[in-house]
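Biologist: I have a new model open and would like a short tour. Can we go through it piece by piece?

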Amino acid sequence: MLRSAETMWSPGSLDGELKSHPERLLKDHLNGTYRLMSDMAQYHGLKSILPDIDIEIVGITHDLGKAHPLFQDYLNGRGGGIDHALPSAWFTLNLSKFHTNEDSFSDIWLAEAVRRHHTYMVDGSEALDFWVQHNKQAFKEQKDAMKKLVPTWNIFLSEEQWEDYADALMLKRKKILNAQAWLFYRLLYSLLITADRMDAIGVRSLKMHPLPLFKEPDFSGRESSPLDVWRQQTREACIRSVDDIERPGLYTLTLPTGAGKTITGLDIARRMAHKLGSKTIIYALPFISIVEQNSLVAKGLFGEEDVQEDHSLSTFIETGEKNQDPMTRMKTFFRYWDAPVILTTMVQLWESIYSPKANDSIDFHRLSDAVVIMDEPQTINPRYWHGFGETLQYLSDKLHTSYILMTATQPYIIKGTELSPKGLSFPYNRHTYKILPHKYQLNELPSLLEEHIERLYEKSGLIVLNTRKSAVEVYRMIKNVMDAPVYFLSTWMTPHHRRLTMRLLRYLEKKKIQHYLVSTQVVEAGVDLDFDWVFRDLGPLDSVVQVAGRCNRHSRSETGGLVLIAELVNEQGKSFSNMVYDDILMDSSRSTLRLEDRINIFEETMAPIKVDSYYRDIAERLQDRGIWKNLCEGRWGPQDRPNLIDKHYDPLSAEVYVEQNNTVRPMFEKLINTKWTLENLNEKRHLHRKLLQYMIEVPLKALESWRNKLATVAFKDELPPLDFNVRFQCWFLTKEGRKHVYDRISGFNLSKDSENEEDAYFL
């Protein structure tokens with residue numbers, strides 16, 4: 001039976017000398033954490049899922065283990081401290097069992113949230129087993145320890161009650177482990193971690209930001225083309241669909257590439273948010289470069305102060321650690337979503353939902369009462385589509401969240417209400433697809449281009465390859481053959497280098513200066529570039545169509561563009577596409593494109609039909625990875641974590657910081673020479689994030705080969721041209737070394753000794 005909250009133990013009874021952090025009293029931190037949790041739950045409409053008494057229990061007990069003398073000594077600079085999370089969780093469980101209904105199992109998740117609040121969530125079964133075994137083995141010891149830690153504590157359950165509880169956990173685990181428990185636990189976990197970090201960093205109260213006004217885009221300064229008129233009419237038709245929306249739900253916005261979906265999507269989202277009373281707009285994109293690009297658009301529509309750009313390379317204005325206000329430090333340190341309009345990556349959104357790590361869970365509660373746009377969702381692994389769709393439906397139902405999946409090639413993730421007009425297509429054909437039969441060696445590509453592309457040397461063109469190595473080879477092959485400059489894009493170029501290249505490409509396009517670009521798949525989705533012709537090494541059909549969106553994107557050519565597709569192979573006859581993509585995806589692409597003994601030609605208007613057939617085929621053939629089933633059965637830990645990007649640590653690759661300007665070396669030397677502590681950890685993260693602009697990840701063998709070669713060359717610099725830092729396990733490439741190792745156009749060069757290694761260096 002529920003006890004009165006008046007009997008709740010109070011942190012005010014703690015010894016006034018006890019601290020939670022060097023400059024924060026423990027009792028103040030516990031109360032402060034509870035108040036922040038309660039305020040966030042209230043603002044985001046979570047009190048119906050998380051009763052305030054549960055929030056209070058977790059808030060006021062989560063750090064009670066810090067009362068231990070060894071931890072207090074640690075705060076005063078003596079000793080190495082002691083684990084405080086588990087002792088704190090015992091207080092949580094005792095207090096929770098005392099205040100909640102005997103048939104409720106929510107108390108186990110309150111205790112688990114506290115026990116794991118500095119690490120990560122474990123599987124539900126593992127959590128239950130821990131408490132069952134721990135209770136029977138160490139109940140008396142824990143009770144004595146609690147009395148010593150907090151003498152004023154007087155809420156203990158009997159040994160008999162503990163044993164009954166442990167037996168119930170064993171017998172009813174199927175009832176305990178379900179989606180409802182996952183949502184309760186993850187929301188509580190998110191609130192606790194956020195509030196705990198906030199209070200520790202100095203945030204004492206929350207400033208709630210209302211959704212800003214929308215500034216209608218102003219196109220009056222330029223002459224309207226028929227394409228601009230069509231875009232405006234399309235936008236208005238999509239916006240009218242909001243009138244029929246009465247509740248949060250799942251929606252799709254299927255718009256052709258080049259239809260202006262960024263502005264349309266944000267306009268629909270803000271109208272939907274105002275109509276439904278949503279608190280936040282979250283716009284998730286597949287690549288960091290597109291986040292940066294679309295962030296400028298969002299800031300123009302909503303105002304710079306109300307838009308937060310969140311990704312691993314984003315940095316805030318450097319005002320100094322002590323001069324930053326606490327919430328700015330919170331956003332910088334933990335990537336907390338504080339603004340009413342958030343632009344982030346699909347990976348960050350995915351992690352906020354599924355990642356068991358504590359800091360990755362911080363933004364989960366921000367999904368409640370939000371409108372979430374997912375741009376280009378087809379980039380999600382098709383094996384996750386069904387389970388991800390089930391997750392979105394559940395979160396929409398429980399958290400009143402609206403999800404808008406926005407793309408030109410709508411994947412089979414959800415069956416949402418379509419917001420664009422039925423049968424919408426581009427008003428005229430912008431490009432034609434030409435699919436070549438057979439397979440071709442990489443060195444045959446120049447002759448293929450000459451044979452199939454009219455006026456090849458008079459028009460700007462884009463060549464997209466499946467691997468970095470093949471892209472570099474093609475770049476070297478054609479850079480001295482073409483009659484105009486040839487540029488390059490891949491992840492073997494630093495983010496700073498890629499950004500400068502993109503800026504140059506847009507300038508050349510604006511000035512109508514002929515140029516060529518050789519790229520990996522980094523140019524596929526959302527990149528606003530326009531070429532007269534495009535070549536694409538065969539890949540998954542939706543990726544092919546995304547690349548085709550860069551061909552005559554803005555209909556500048558009256559005769560239309562050409563998208564040429566052929567399957568390229570290495571010297572051993574192995575397709576580059578099969579080095580990178582799932583065999584089922586490639587088989588379905590070949591089948592849909594009908595790679596027979598004759599050339600297959602079709603216009604842009606046929607592409608959506610073919611993509612739909614392709615999606616239907618892979619949905620039938622691919623085995624779902626069961627991410628929704630895992631959530632429903634309590635598999636929430638690291639071993640069952642679904643990774644949006646299947647990137648595993650590769651011991652054969654290494655991080656290299658490239659000295660591309662005079663700011664890089666001072667930052668790197670500060671990073672490796674400073675003694676980093678808890679007090680200046682925020683500065684370290686800020687510095688590291690700035691340095692990431694100049695970092696690439698490349699094959700370790702190539703680096704070692706280059707280091708040996710450069711050892712025989714005389715340099716003026718006192719630093720080795722390419723050196724390994726043991727402390728931070730990374731490499732540094734100086735300006736002098738860069739002249740040998742890093743090309744000013746194509747980025748990192750494979751050494752001759754490593755050029756014959758595995759071809760599958762992709763992206």
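Modeller: One definition to begin with, for the residue classes: Ala, Val, Leu, Ile, Met, Phe, Trp, Tyr, Cys and Pro count as nonpolar, Asp, Glu, Lys and Arg count as charged, and the others, Gly among them, count as polar. Also, this is a predicted model.

Biologist: How many cavities of 30 Å³ or more does a search of the whole structure find?

Modeller: Three. The largest cavity has a volume of about 110 Å³. It has 14 lining residues, and those closest to its centre are Tyr43, Lys207, Met208, Asp338 and Arg366.

Biologist: What is the lining of the largest cavity like by class?

Modeller: Seven of its residues are nonpolar, three polar and four charged.

Biologist: And what volume does the second largest cavity have?

Modeller: About 90 Å³. Its lining has 13 residues, and Tyr354, Leu631, Arg635, Trp636 and Pro642 lie nearest the centre. Helix H9 (179–201) and helix H23 (627–632) are the elements that give two or more residues to this lining. H23 gives the most, with three residues.

Biologist: How does the lining of the second largest cavity split by class?

Modeller: Into seven nonpolar, two polar and four charged residues.

Biologist: What does Leu183 touch, not counting residues up to four places away in sequence?

Modeller: Leu183 touches Ile49, Phe364, Tyr394, Leu395, Lys398 and Leu399.

Biologist: Let's go to helix H15. What are its buried residues?

Modeller: They are Trp385, Gly387, Phe388, Gly389, Thr391, Leu392, Tyr394, Leu395, Ser396 and Leu399.

Biologist: What span should H15 have at 1.5 Å a residue?

Modeller: H15 has 15 residues (385–399), so it should span 21 Å at 1.5 Å a residue. The C-alpha atoms at its ends are 21 Å apart, which agrees.

Biologist: What comes just after H15?

Modeller: His400, which takes a positive phi of about 60 degrees.

Biologist: Now the strands. In what order do the seven strands of the open sheet run?

Modeller: The order is S5-S6-S4-S7-S8-S3-S9, and the pairing is parallel. The edge strands are S5 (307–310) and S9 (417–418), each of which pairs on one side only.

Biologist: What holds strands of a sheet together in pairs?

Modeller: Backbone hydrogen bonds, in either a parallel or an antiparallel arrangement.

Biologist: How many bridges join S3 to S9?

Modeller: Two bridges join strand S3 (residues 250–254) to S9, and these strands run parallel. Tyr251 has Thr417 in S9 as its bridge partner.

Biologist: And S7, how many of its residues are buried?

Modeller: Six of the six residues of S7 (370–375) are buried. Ala370, Val372 and Met374 point one way, Val371, Ile373 and Asp375 point the other way, and all are buried.

Biologist: Which strands does S7 pair with?

Modeller: S7 pairs with strand S4 (residues 280–285) in the parallel sense, over five bridges. In that pair, Met374 of S7 stands opposite Ala284. Five bridges also join S7 to strand S8 (residues 402–407), again running parallel. There, Val372 stands opposite Tyr403 in S8.

Biologist: What about S12, are its faces covered or exposed?

Modeller: Both faces of S12 (residues 486–489) are covered: Val486 and Phe488 are buried on one side, and Tyr487 and Leu489 on the other. S12 pairs in the parallel sense with strand S13 (residues 516–519) over four bridges. The bridge partner of Leu489 is Ser519 in S13.

Biologist: Last one, Glu112. Where is it?

Modeller: Glu112 is in helix H5 (residues 106–115). With a relative accessible area of 0%, Glu112 is buried.

Biologist: What is Glu112 in contact with, leaving aside its neighbours within four places in sequence?

Modeller: Val122, Ala127, Trp131 and Tyr185.

Key
Residues are numbered from 1 along each chain as its sequence is written. This is a predicted model: local features need pLDDT of at least 70, side-chain atom pairs count only at pLDDT 80 or more; totals for chains, interfaces and linings use all residues. Side-chain values use heavy atoms; hydrogens and water are left out. The expected span of a helix is 1.5 Å times one less than its number of residues. Buried means under 20% relative accessible area, exposed over 50%, partly exposed in between (1.4 Å probe, protein chains only). Contact means heavy atoms within 4.5 Å. Two strands pair if DSSP finds at least two bridges between them. On a 1 Å grid over the protein atoms alone, a cavity is a set of points where a 1.4 Å probe fits but cannot get out, and a pocket is an open set with protein on both sides within 12 Å along at least five of seven lines; lining residues have an atom within 4 Å of a point. Grid points are joined across faces, edges and corners, and a volume is the space filled by probe spheres set on the points.
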